[in-house]
Amino acid sequence: MNNIIAYVQNIQSLQNLNIVNFTCKGTPLKMMSLDLNNNIQKDTKVMLTCKPMAIALAKNLQGEVSYANRLHANILFIESGELLSALKLQFEEFILESIITTDSCKRMHLQTGDKVTALIKSSDLSIKKVLV
Amino acid sequence: MIKLNINKTLHGAEGVMNLHANLNIKKGEFVALSGKSGSGKTTLLRILAGLEEVKGSIKVDEQAWLENDKSLPVQKREIGFVFQDYALFENMTVEKNLLFVKNDKKLAQHLLELTELDSLKNRYPNSLSGGQKQRVSICRALMKKPKILLLDEPLSALDPTMRSKLQNELLSLHKEFHTTTIMVSHDPSEIYRLANRIIVLQNGKVINDGSPKDVLLKTQGSQKFSFEGELLDIKKIDVIYVAIVAIGQQLVEVVVSSSEAKNLLLGDKVNLSTKAFVPMITQN
């Protein structure tokens with residue numbers, strides 16, 4: 001779950017701080033990281049991941065937001081609990097899970113089939129493994 | 001420079017094991033030797049000291065310590081050796097313990113001042129604390145200005161505060177004397193603070209050799225904050241799960257989603273990791 005396959009586009013570095021830019025089916029993705037393994041270079045295929053709690057959702061998003069990762073997705077399934085809701089999202093061929101408060105889910109009138117933007121901060125995105 | 005290429009058959013707890021090491025250690029390096037007990041660490045120190053029969057070659061600064069079965073005797077190898085137990089001469093004062101090795105009052109005084117033992121120099125070892133005794137052993141090992149200082153878990157019997165104090169003193173002594181040092185240690189923080197290189201042994205073989213940061217940071221992908229633990233409990237609350245994981249002496253709670261929880265079994269060895277950007281740090 002929350003595994004996205006992407007390719008490294010370029011790496012911006014300052015001492016041991018790095019911003020890695022990826023692309024996944026045309027969607028640009030960004031990750032903030034300290035030292036990177038040497039095998040992560042331009043065109044490296046990686047599996048990215050993030051915790052379900054780190055994915056925020058927006059509907060009819062307008063204006064600017066600082067989230068570096070904005071993924072257009074469809075809601076596949078909503079498991080609504082008393083306080084929290086777990087939503088399964090389809091982004092390209094990947095299934096993502098987002099956990100938000102049930103209050104937010106109700107306020108936004110989120111329903112299966114809705115088009116949403118999944119928002120992930122670059123500091124919350126990480127490389128799960130390097131694929132060859 | 002130490003050039004060592006040795007082979008020795010050991011009869012350990014888990015049967016016969018071949019200890020093999022082929023290492024180059026630069027002058028002035030501080031090397032930590034790590035690995036499970038029985039992996040050959042202490043034997044390697046004893047080989048360098050000339051206390052074990054071994055096949056191979058050892059060269060220190062172009063002088064052969066071991067070559068074609070000819071071995072330089074222990075007393076001719078310029079070595080300082082500090083063990084976990086202090087091995088002091090109980091019938092001699094602190095100062096005499098140092099002067100017994102080499103009659104150099106000036107150096108003894110200097111070493112005692114560096115390690116804050118000056119005021120205790122007329123005391124006998126049995127009136128000293130563990131930390132003080134170990135400082136005397138370290139000073140004594142440095143009296144001959146050895147080419148190599150060998151430390152076999154020198155601080156492992158001490159409490160954490162004394163340990164940290166002695167780590168600082170070892171660091172100051174290393175800065176002052178630049179003695180090539182090889183220390184057996186299991187403590188990652190000690191290794192990180194003191195050593196510029198770590199060599200990890202397993203079943204008599206070198207399985208890792210690099211900088212402490214590269215070797216000890218257990219990172220998976222881009223996760224920098226990583227711990228191994230045991231899953232003690234996992235409970236469903238609303239649509240999420242809360243896992244309780246034991247890490248060393250501490251318990252931590254981690255929130256996981258149902259899909260993350262799916263394959264977890266109680267008692268599993270698990271790795272907890274997060275990015276370096278997330279943890280908060282506060283002073284105690």
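**View 1. Ser257(B) and its polar partner in a predicted model.** The side chains of Ser257(B) and Ser259(B) form a polar contact of 3.2 Å (a pair of N or O atoms within 3.5 Å; within protein, one must be able to donate a hydrogen and the other to accept it, and residues adjacent in sequence count only if both atoms are side-chain atoms). This is a predicted model: local features need pLDDT of at least 70, side-chain atom pairs count only at pLDDT 80 or more, and totals for chains, interfaces and linings use all residues. Residues are numbered from 1 along each chain as its sequence is written, chains are lettered from A and ligands numbered from 1 in the order in which they are written, and side-chain values use heavy atoms, with hydrogens and water left out.

**View 2. Surroundings of Ser257(B).** Ser257(B) is buried, at 1% relative accessible area (buried: under 20%, 1.4 Å probe, protein chains only). Not counting residues up to four places away in sequence, Ser257(B) touches Pro52(A), Glu97(A), Ile99(A) and Tyr241(B) (contact: heavy atoms within 4.5 Å).

**View 3. The interface of chain A and chain B.** In chain A, 29 residues contact 20 residues of chain B. The buried area is about 1800 Å², with 53% from carbon and sulfur atoms (accessible area, 1.4 Å probe, that two parts lose on being put together, summed over both).

**View 4. A salt bridge between the chains.** Lys213(B) and Asp35(A) meet through their side chains at 3.5 Å, N to O (salt bridge: a side-chain nitrogen of Lys or Arg within 4 Å of a carboxyl oxygen of Asp or Glu). The rule finds three salt bridges across this interface.

Terms used
Buried < 20%, exposed > 50% of the residue type's maximum accessible area, 1.4 Å probe, protein only.
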